[in-house]
Amino acid sequence: MAVVTGSMAADYARDGVVLVKGLFAGWVEELRAGVERNMADPSPQLMATLKPGEAGKFFDDYCNWQRIPEFERAIRGSGVADVAAALMGSERVQLFHDHVLVKEPGTNKPTPWHTDGPYYFVEGRQTVSFWVPLDPVKEASLRCVAGSHLWPKDVLPTRWMAETNFYPGDHDYMPVPDPDAEGMRVLEWEMEPGDAVAFHYRTLHGTRGNTTTARRRAFSLRLVGDDARYVERPGPTSPPFPGHGMVAGQRLREDWFPYLN
Ligand SMILES: O=C(O)CCC(=O)C(=O)O
C-alpha cells in the first residue's frame, strides 16, 4: 500500500504533479485484463485518434468502470482513494471516471500538450488524476509541467485529431504553450507497471509517441475532492455524461460518481 508523506503532499500542492511508486503494483494483471476486455468491447464513446496514414494504433476510451469488473476491483481495492485524499487534502474522494490510453508499438503520434480541466464539467482545487502505465515506460511516459495548475488562466482545449478548438466561439483561454521550447520545468519519470503519476486537472501534460517495439498501455483514473463542483462549459464536455441533470455549483451526483471512502 503506497503511503503519502508530508513532502509528497507539499510537492503535489506546489507542482501539481507527483510520482506515487507502486500504487497499483498489486493490480497490474487485473488492470491489464480490464484493458483487454475494454479493447475487445469498446464503448460507443471510443475516440478516433489517428488521421488516415498516421502510423500505429492509439486506443482511447473512457467511462467503463461500471461494465469492466477488473477496473472497479482495482479502483476499490488498491487504496487509491486514501492516496488521493492525502494528496488533495480532502476528506472525501469521489470517482469521476476511468480512461484507457493504449499506444501500440510504432504509434509515433505524441499526445498533445493539454490540461484536462477545461474538457470536464467539474472544477475545484481538490482534483487528481492517476496515470498508471501497465508496461514499463521510458520515452512514452507522461510529461507534466510543474506549477502549471496554478496558472491564472485555463489552457485552450483543442480536439486532438482535428487540432481545432474544442468549444465553438471565443473564450478567455491562454494559448497552448510549447513547454520544451519555452524552457518550462517538465517532470517525467521512467516507470514500472503499476506506478502512478498523480496530477491535477489543471496541470499541463502530454506524452511522446511510442516509437518502441513494446506496447504502452495506460489506465488513467480521475477523482475529485470536497471542493469540486459542477460547472457549465460553452458546449458538450468530454466526457459528456448525457442526461446528468446537474446544475452549476452542485457536487457531482453521488449515484453516478460514487464516494470511494
Ligand atoms: O497516455 C497518454 O498518452 C495521455 C494521457 C493523458 O493525457 C491523461 O491521462 O490525461
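**Reading the backbone, the ligand and the pockets**

Reply: Cys 63 is found in the loop between β2 and α3 (69–77). Helices (H or I, at least four residues) and strands (E, at least two) are DSSP runs, numbered from the N terminus. This is a predicted model, where local features need pLDDT of at least 70, side-chain atom pairs count only at pLDDT 80 or more, and totals for chains, interfaces and linings use all residues. Residues are numbered from 1 along each chain as its sequence is written, and side-chain values use heavy atoms, with hydrogens and water left out.

Me: What is phi of Cys 63?

Reply: Phi of Cys 63 is near 65°, a positive value in a residue other than glycine.

Me: Which residues does a cis peptide bond join?

Reply: Ser 238 and Pro 239 are joined that way, with omega about -5°. Pro 239 has its place in the segment after β12 (229–230).

Me: Now the ligand, please. Which residues come nearest?

Reply: A residue is near a molecule if one of its heavy atoms lies within 4 Å of it. There are 13 residues around the ligand, and Thr 111, Trp 131, Thr 207, Arg 216 and Ser 220 come nearest. By class, the shell has four nonpolar, five polar and four charged residues. Here Ala, Val, Leu, Ile, Met, Phe, Trp, Tyr, Cys and Pro count as nonpolar, Asp, Glu, Lys and Arg as charged, and the others, Gly among them, as polar.

Me: Which elements give two or more residues to the shell around the ligand?

Reply: They are β3 (94–103), β4 (111–114), β10 (205–207) and β11 (216–224). β11 gives the most, with three residues.

Me: What is a pocket, and where does the ligand sit?

Reply: On a 1 Å grid over the protein atoms alone, a pocket is an open set of points where a 1.4 Å probe fits, with protein on both sides within 12 Å along at least five of seven lines; lining residues have an atom within 4 Å of a point. A molecule sits in a pocket if more than half of its atoms lie within 2 Å of its grid points. The ligand sits in the largest pocket.

Me: How many residues line the largest pocket?

Reply: The lining has 31 residues, with Met 47, Asp 60, His 99, Trp 160 and Ser 238 nearest the centre. They divide into 15 nonpolar, eleven polar and five charged.

Me: Which elements supply the second largest pocket?

Reply: α1 (6–15) and α4 (80–88) each supply at least two residues of its lining, and α1 gives the most, with three.
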